[in-house]
Amino acid sequence: MIDVKLLREKPDIFYTSCRNRGIGTEILDTFFMLDEEWRANQKKINDLRHRRNEITHEISRLVKEDKNSTGIRGLKSDVKEVNARIDSLEEDNRKIVDDRERAIWSIPNVLDENAPVCFGDENNVPVRTWGKASVFDDDLDDFMKESRREMDYETLKARPVSHVDLIEDMGLVDLARAGKIAGSRFYFLKNRLLKLEMALMNYTVDYLSERGFSVVEPPLMLNLKSMEGATDLETFSETLYKIEGEDLYLISTSEHPIASMLSGEFLDESELPIRVAGMSVCFRREAGSHGKDTKGIFRVHQFNKIEQFVFCKPEDSGDFLKEILENAEQIYRNLGIPYRVVNVCSGELGRLASIKYDIEAWFPSQGKFREVVSASNDTDYQARSLAIKYRASGGNEFVHTLNSTAIASTRTLVAIMENFQEDGGKRIRVPAPLVPYAGFETIEGVD
RNA sequence: GCUGGGAUAGCCUAGCCUGGUAGGGCGCAGGUCUGGAAAACCUGUUCUCUCACGAGAUCGGGAGUUCAAAUCUCCCUCCCAGCGCCA
């Protein structure tokens, strides 16, 4: 959540930020109204409590002097009267505080000055490209626009086989039976594609371990308190699965257990930065995406992901955003998957992020760049919700938190299948860095 | 799942039986002293409101008893130990 003190002191920052995000400023007006109301009420309550304490102390004094002192009875009834007034004011205040808290929690993080003010993913600002894209003739116009004519490419006379067909033809995924037993967007990943996934995960774990990350497998479920602190309300309504009868939610990313891992803790300045990579299954309801990517394994309810996470000092978070984005880009470069990096529009950022860069891999059969990595700087927003502080020389401060995908299994597997298919879709070449992990160089036909 | 023990400020701890302003230590910050430091001593060191003076809240969470609850009663959460069950 946001810094309420800062909101009171410099409301303009928040008004500008909300306007630039395109969410309107009513929520801020609501907050200030409730805050005033609360302050006035609180003052009355405080004064009454002060009065009560005075009387109570007087009783205490009299009792010590003489237990049967005549004044005590009257004072007792005074206190009862004061208490009744306090109770009624407190009841009013509880509702005000509830409403105010709700307002505070729905105010988004302050935008980074480098976040572009725009709306719609199609207006995300391209930052750079890498690699040589294979582009089918019909897609060339779109490609030139999306890559800003900065990217190497070769043209293809035939459209590459879609991963949807490839996985079926090659017997790498069983969607039909997964659908039968669990529903759409579930899958059995089979044989060499499963081994390729494991290779991808192993490769990435090694890669991040060498770059100062401790690697963890987190709890796949979180209680409400931890989940609330680590994420926002939108995620609850659209993304998360709730376990019936338990105070538990399935995680949608290991970002959340890693962030809440240090909740309520005080860190020493010398412990920072803390780099943690989490490998986990991620569960997503995909409630808002009916009809999108309904075939294949591009958008599914369950996938494996390795996520980078950093806790750092406020002044360092800008540099760490560069670091984790560069780590992710390097992985894609090593795999040889062409991509572009975009700076995500202010209107499309989640509430926690002050700025976000996406890596969009090139998918030749779709003829599109699609998101495979998302790197965000949440500044102190998430740390404040989770109460993660460190001892700084000038006092205690909230840390900054950052997160970025390293590898999301299904999407990257799709990118490999589309970019590394050979012989008209009869064979998939395994990216060189993965060969030692996989133990084979190609995937062909049914194993 | 059962039994017992526990949760007090950044950390450690006293207070609980017997209700009446939460005390001490460590660490940290400032000061006195010093050529400089250490030691010693003094002051401060949870949160909220207030320009300030000051006031209020706070002893894992919630409810109750009471004029008054860290303290008594009930419920809940988590941690530790033992027992039981267990891939």
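Me: Does S226 count as buried or exposed?

Reply: The general idea is a neighbour count: a residue is buried if 20 or more other C-beta atoms, placed from the backbone, lie within 10 Å of its own, exposed if 12 or fewer, and partly exposed in between. S226 has 21 C-beta neighbours inside 10 Å and therefore counts as buried. Please note that this is a predicted model, in which local features need pLDDT of at least 70 and side-chain atom pairs count only at pLDDT 80 or more, whereas totals for chains, interfaces and linings use all residues. Residues are numbered from 1 along each chain as its sequence is written, and chains are lettered from A and ligands numbered from 1 in the order in which they are written.

Me: Where does S226 lie, and with which residues is S226 in contact, its neighbours within four places in sequence left aside?

Reply: Helices (H or I, at least four residues) and strands (E, at least two) are DSSP runs, numbered from the N terminus. S226 belongs to helix 9, residues 224-230. Two residues are in contact if their C-beta atoms, placed from the backbone, lie within 7 Å. Beyond its neighbours within four places in sequence, S226 contacts S260 and S263. A separate value concerns Y249, 23 residues from S226 along the chain: the two C-alpha atoms are 9.8 Å apart.

Me: How many helices and strands does chain A have?

Reply: Chain A has 15 helices and 20 strands. Its C-alpha trace spans about 105 × 45 × 45 Å along the principal axes. Of its 447 residues, 40% are buried. Among the contacts with a separation of 6 or more, 71% join residues 24 or more positions apart.

Me: At what angle do helix 3 and helix 4 cross?

Reply: Axes are lines fitted to C-alpha atoms, for helices over the stretch in contact, and angles run from 0 to 180 degrees between N-to-C directions. Helix 3 (residues 26-65) and helix 4 (residues 72-106) cross at roughly 155°, and their axes come within 8 Å. Angles under 35 degrees count as roughly parallel, over 145 as roughly antiparallel, 65 to 115 as roughly perpendicular and the rest as oblique. Helix 3 is therefore roughly antiparallel to helix 4.

Me: What is the angle between helix 8 and helix 14, and which residues meet there?

Reply: Helix 8 (residues 191-209) packs with helix 14 (residues 409-419) at about 110°, the axes being 10 Å apart. Helix 8 is thus roughly perpendicular to helix 14. From helix 8, L193, L196, E197, L200 and M201 meet S409, T412 and L413 of helix 14.

Me: Which residues come nearest to RNA strand B?

Reply: A residue is near a molecule or strand if its C-beta atom, placed from the backbone, lies within 6 Å of it. There are 15 residues around RNA strand B, and R49, H50, S60, K76 and V79 come nearest. Helix 3 and helix 4 are the elements that give two or more residues to this surface. Helix 3 supplies the largest share, 10 residues.

Me: Which peptide bond is cis, and where is P273 found?

Reply: The bond joining L272 and P273 is cis, with omega about 0°. P273 is in the loop between strand 9 (266-268) and strand 10 (274-283).
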